[in-house]
Amino acid sequence: MEKKKYYITTPIYYPSANFHIGHCYTTVIADSIARYKKLKGYDVYFLTGSDEHGLKIQKKAEEKGVTPKEYVDEVIKNAKDLWNSLGIEYNRFIRTTDEDHVATVQKIFQKLYDQGDIYKGSYEGLYCTPCESFWTESQLVDGKCPDCGREVEKASEEAYFFKLSKYQDRLVDYIETHPEFIQPISRKNEMMNNFIKPGLEDLCVSRTSFTWGIPVTFDNKHIVYVWIDALSNYISALGYLSNDDSLFKKFWPADLQIVGKEIVRFHTIIWPCLLMALDLPLPKQIFGHGWLVINGAKVSKSLGNYRDPREYIKEYGVDAIRYYLLREVPFGSDGQFSEELLISRYNTDLANIVGNLVNRTLSMLSKYFDGIITKSYVQTEYDEDLINLVLSTSQKVDDYMDKLEISEALDCIFEIFRRCNKYIDETTPWVLAKEENKDKLKTVLYNLLASIRIGAILLLPYIPTTANEILRQINTKKITIDTINDFYTLETNIIINDFKPIFMRVEKKHE
Ligand code: MSP
């Protein structure tokens, strides 16, 4: 039987500066969902990338005395290094400067022009002459240019427009008949009431005032401006309108497109209208998540209120960061990021609950049975409750993941480890050892390791390094999802591998 397919995307980020913890947030979440689907047997395509054109990047490069491409190449090298150290398993990192993307955008623009959905008009805006930039009223700071603080003046330039207004009724109808399209539901209501129903205006999709962009083929003093270039990445990456569109045929429409709440608007208005104009199906879901905030302010490049995420990874380990991003903030809401909270999550959940449990259990097995896993027929009165909880977890995780309640799914897996710690308190293995009650002791240690094995497999999508290390220490070969419905799958007469604590409690190392 052909595997079910799953296509998931993140936004493509601006490489105007190195990526920060906010970009890590979206990407780690998408990675965990992709890994979860792979674990469940789906054929997954996971796309992320960078949005490299625009005046801001052109200016940054000029300031540094390099070409825009040289400037972004450096940022992208760091970004790929960051994704690598965060364990991000993307299928493609698309750059809007990639040749195939450029070619597809040009074809899309041409097609829309040929069919009359793009037309020439003039763009009216507030212009800052020294910065050569157009601004809208709301972007101005104290009525002046937000970049240099100088006066702006009304100006107009020739530009191409996309007929967004033509698709308004179809869009409203689609959103109303597809309640799952915009999630969470609060964002759907906001989009409908604040932006779509009041009326859509045609969208300016080209510029002549700067050059760092994709040239319009039929009028090359124009470059394609922002959203047609950026949004098309989700289909150009799969080979749409190219010689080989097999990935496109297989994976489009996307199952899940994750974006931050500030760009939900573009993804639920411009993007679907563009797809309608291209006569393509719409993605099944756009999910707009909340922001990570530091001391009340959004983590952002312009505020510079953050450290390089690679420093956190070096100090606390990749899974401390992944775990924090996945667990701390309910997906959809805003949430705090701070080093104190990161350390506290690390110590209480990772070190105390999982790390301690695995280390205590393996130490006891090593001490009492030379590290050999065995089983006996003697039972304890606490086994049934433990086993029931462990075996019921996978279904609960699936239910949460179906609703993208990732923090809750993780908490539910941790319930296995918490229950194991309680089981140790209930059965007191050290007393059983003293009483030479070896059969009962075997049962207790087997049950603990069997539970830990299942817990570790369930953890694979979220904190893969830790999960794999636990499975390595136990030395089990049963590490696939289809082995977790039978509690007794854990092998006997195997000897555990060398082990050491997976997490050591940490103190804050940085002011
Ligand atoms: N290039 C556009 C997106 C085009 S998609 C076709 C862009 N880039 S960006 O660099 O500004 O990245 C924005 C995205 O990064 C957000 O939508 C979100 O996914 C992520 N985040 C950036 N800062 C964030 C937080 N402080 N908190 C959570 N996510 C954050 O917009």
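## Buried and exposed

A residue is called buried under 20% relative accessible area, exposed over 50% and partly exposed in between (1.4 Å probe, protein chains only).

The model is a predicted one: local features need pLDDT of at least 70 and side-chain atom pairs count only at pLDDT 80 or more, while totals for chains, interfaces and linings use all residues. Residues are numbered from 1 along each chain as its sequence is written, and side-chain values use heavy atoms, with hydrogens and water left out.

## The chain as a whole

Let's start with the overall picture. The protein chain has 511 residues, of which 57% count as buried. It contains 18 helices and 18 strands, where helices (H or I, at least four residues) and strands (E, at least two) are DSSP runs numbered from the N terminus. Along the principal axes, the C-alpha atoms fill a box of roughly 90 × 55 × 40 Å.

The protein chain exposes about 22,100 Å², and carbon and sulfur atoms supply 48% of that area (Shrake-Rupley method, 1.4 Å probe; for residues, only the protein chains shown count as cover). Among contacts (heavy atoms within 4.5 Å) with a separation of 6 or more, 76% join residues 24 or more positions apart.

## Two nonpolar cores

A nonpolar core is a set of buried Ala, Val, Leu, Ile, Met, Phe, Trp, Tyr and Cys residues joined through side-chain atoms within 4.5 Å. The largest one here has 105 residues, and Ile 8, Ile 33, Leu 86 and Tyr 462 have the most contacts inside it. Helix 13 (residues 339-369) provides the largest share of this core, 14 residues. There is also a second, separate core of 57 residues, which includes Ile 12, Ala 237, Val 264 and Leu 275.

Setting aside residues up to four places away in sequence, Ile 33 touches Tyr 6, Ile 8, Leu 256, Ile 258, Met 401, Leu 404 and Ile 406.

## Around the ligand

Of the 26 residues around the ligand (a heavy atom within 4 Å), Ile 12, Thr 26, Asp 51, Glu 262 and Leu 292 come nearest. Helix 1 gives the most to this shell, with 4 residues. Strand 1 (5-13), helix 1 (21-39), helix 7 (227-231) and helix 8 (233-236) each supply at least two residues.

A polar side-chain atom of Thr 26 lies 2.7 Å from a ligand oxygen, and an N or O atom in the side chain of Glu 262 is 2.7 Å from a ligand oxygen. Tyr 14 takes part through its backbone, with an N or O atom 2.9 Å from an oxygen of the ligand. Taken alone the ligand exposes 670 Å², and the protein buries 95% of that.

Thr 466 belongs to helix 18 (residues 464-474). Leaving aside neighbours within four places in sequence, Thr 466 is in contact with Asp 319, Ile 502 and Phe 503. The buried residues of helix 18 are Pro 464, Thr 466, Ala 467, Ile 470, Leu 471, Gln 473 and Ile 474. Their cover includes helix 1, helix 12 (318-327), helix 13, strand 17 (372-373), helix 17 (438-459) and strand 18 (494-495). Just after helix 18, Asn 475 takes a positive phi of about 70 degrees.

Further along, Leu 490 lies in the loop between helix 18 and strand 18 and is buried, with a relative accessible area of 2%. Beyond its neighbours within four places in sequence, Leu 490 is in contact with Ile 373, Tyr 446, Leu 449, Ala 450, Arg 453, Ile 474 and Thr 476. Leu 490 and Ile 373 are 117 residues apart in sequence, yet 8.9 Å apart in space, C-alpha to C-alpha.

## A buried loop residue and the cysteines

Thr 97 sits in the loop between strand 3 (92-95) and helix 4 (99-114) and counts as buried at 17% relative accessibility. With neighbours within four places in sequence left out, Thr 97 is in contact with Glu 52, His 53, Lys 69, Val 102 and Trp 212.

The whole structure has 0 disulfides, a disulfide being a pair of cysteine sulfur atoms within 2.5 Å.

Terms used:
A polar contact is a pair of N or O atoms within 3.5 Å; within protein, one must be able to donate a hydrogen and the other to accept it, and residues adjacent in sequence count only if both atoms are side-chain atoms.
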